[in-house]
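Trainee: Could you go through this one with me?
Mentor: Gladly, let us have it on screen.

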Amino acid sequence: MTEPSASRPLDGIRVVELSSFVASPLCGLTLAQLGAEIIRVDPVGGAADVNRWPLAPDGTSIYWTGLNRGKASVTLDLRSDDGRRAFRELVTAPGEGGGILVTNSGGRSWMSHDVLAGSRPDLISLELLGRRDGRPAVDYTVNAALGFPAITGPGSGRVVNHALPAWDLAAGLHAALAVVAAVRERERTGRGRRIVLPLDDVALATAGTLGYLTEPQLDGSSRPAVGNHVYGTFGTDFTTCDGGRFMIVALTARHFHDLARLTGTREAVDALETATGADFTEESDRYSYREVLAALFARWFSAHTTDEVARALDDSVVLHERYRTFAEVVSEGELEANPLFSRLDQPGIGPYLAAAYPATFDGDHLATGPAPSLGADNDRLTPGGRSG
C-alpha cells in the first residue's frame, strides 16, 4: 500500500472541485488517489450532499467522507462578490499543474470557462451536466429514460430500478480520464480545454456500445426482461437445500460441460440436445433452452448444502459465486484479506478499512488520507482564510 505522501502518477496536478453527490466528487477522488491535489470548494455549511445517508452514530455522513477522502476543503460564500472572487483566484492561481476546474454546478456566468480563461488562458474546465441540453437529471432519472428498468427483474411488466448508480460512476471515471487527457494535451501544446460531460450521454454511449440501442435500430425490438438469466448465454441463480444461493455462469462449452458433469445431468443434457436438434457448444442454444437446462441443474443444487455446493464448484471450472450481503462480505474477512483495503482513521466516523485505487502501480495500491472537515484548509488556501 503506497502512503499518500509517496510519489504518484499525477503529482504536481492541482484541481479545484465545486461539486456534490456522486459523479463529480468521484472524479476528484480518483484524481486524488492518483496523486493530484484536489481542493473541494463548498458553500459555508456544506453543499446539499454534506449530510447524505448513510450516517455514522454522531451524524457524520459516511457517504460524504467516502467520496472526499484525500481532498482539501475550502468553504466560501459563493453568493457574495468576495466569495466568488476568492473562488476564481483559487481556480486560476499561477502554477504549472493548476488551472483545472471540475464541477457539476455550472451554468453560472461568473465562473464560466470564458470568464476564468480570461485570467488563465490555459484553463482546463470540466462541467458535468445532467442532460446535454442543460436540464437537471440524476442517475435514477437518466436510467429510467434509457430503458434498463424495463429489462431488469422477472419480466412481470413492472419496471425495476437497480440500486447501483452506474451512470454516476461511469461519468465520474470518464471525467477523470478526460481531465488527464486534457492535462496531457496542455503539457504538449499549452492549450486549455472546455470539457462538457452530460450524464445522459454517458448512459447512452454505454448502452450503444454494448448493443442495447443497436438492436432496436436493426429490427425495432427491445431486449426482454429475463430475471437472473444472463442474456445470450447460460447463466442463472440456484438455491441450495439450506437456503444458500449461487450465481452460475457457463460462458464457454467447457464451463457448460463441467456444469453438466458436476450436477450429474450429462445424459439428460445430451438427450435434450438430441431431441431438440440444439448444439449446446453454442451460447445461443444454451440461452434458448435456458429454462429447461436450469430446471435440470436445479435438482442437484436443491439436494445439497451450501458448503457442499461451494466445495464442488471450487473443484470445477464453472464460473460461480455465492450471493452475499454487504454485512457478510465484511464479517467473512474479505476486506482484511485484500491489500486494496487499509486502516483509515476518519474524524467523525473512527477507524475503518477503506479502499485505495483498485489498480496497482509497481505492486502498490494508491491510498489517500481521510476526508477533511468543512473549511479545514481555508487558512492555507484562501487569502486571509476568508470563507465569504
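Mentor: We will take the sheet, then the helices on it, then the cysteines. This is a predicted model, where local features need pLDDT of at least 70 and side-chain atom pairs count only at pLDDT 80 or more, while totals for chains, interfaces and linings use all residues. Residues are numbered from 1 along each chain as its sequence is written, and side-chain values use heavy atoms, with hydrogens and water left out.

Trainee: What's the strand order in the sheet?
Mentor: The open sheet has six strands, running β3-β2-β1-β4-β5-β6 with parallel pairing; strands are DSSP runs of E, at least two residues, numbered from the N terminus, and two of them pair if DSSP finds at least two bridges between them.

Trainee: And which are the edge strands?
Mentor: They are β3 (72–76) and β6 (193–198), each of which pairs on one side only.

Trainee: How many bridges join β2 and β3?
Mentor: Five bridges, in the parallel sense, with β2 covering residues 37–43; Ile-39 has Ala-72 in β3 as its bridge partner.

Trainee: Which strands does α3 touch?
Mentor: Helix α3 (residues 81–92; helices are DSSP runs of H or I, at least four residues) touches β1 (14–18), β2, β3 and β4 (100–103), where contact means heavy atoms within 4.5 Å.

Trainee: Switching topic, how many disulfides are there?
Mentor: The count is zero, a disulfide being a pair of cysteine sulfur atoms within 2.5 Å.

Trainee: Is Cys-27 buried or exposed?
Mentor: Cys-27 is buried, at 0% relative accessible area, because buried means under 20%, with exposed over 50% and partly exposed in between (1.4 Å probe, protein chains only). Cys-241, at 45% relative accessibility, is partly exposed.

Note on methods: Axes are lines fitted to C-alpha atoms, for helices over the stretch in contact, and angles run from 0 to 180 degrees between N-to-C directions.
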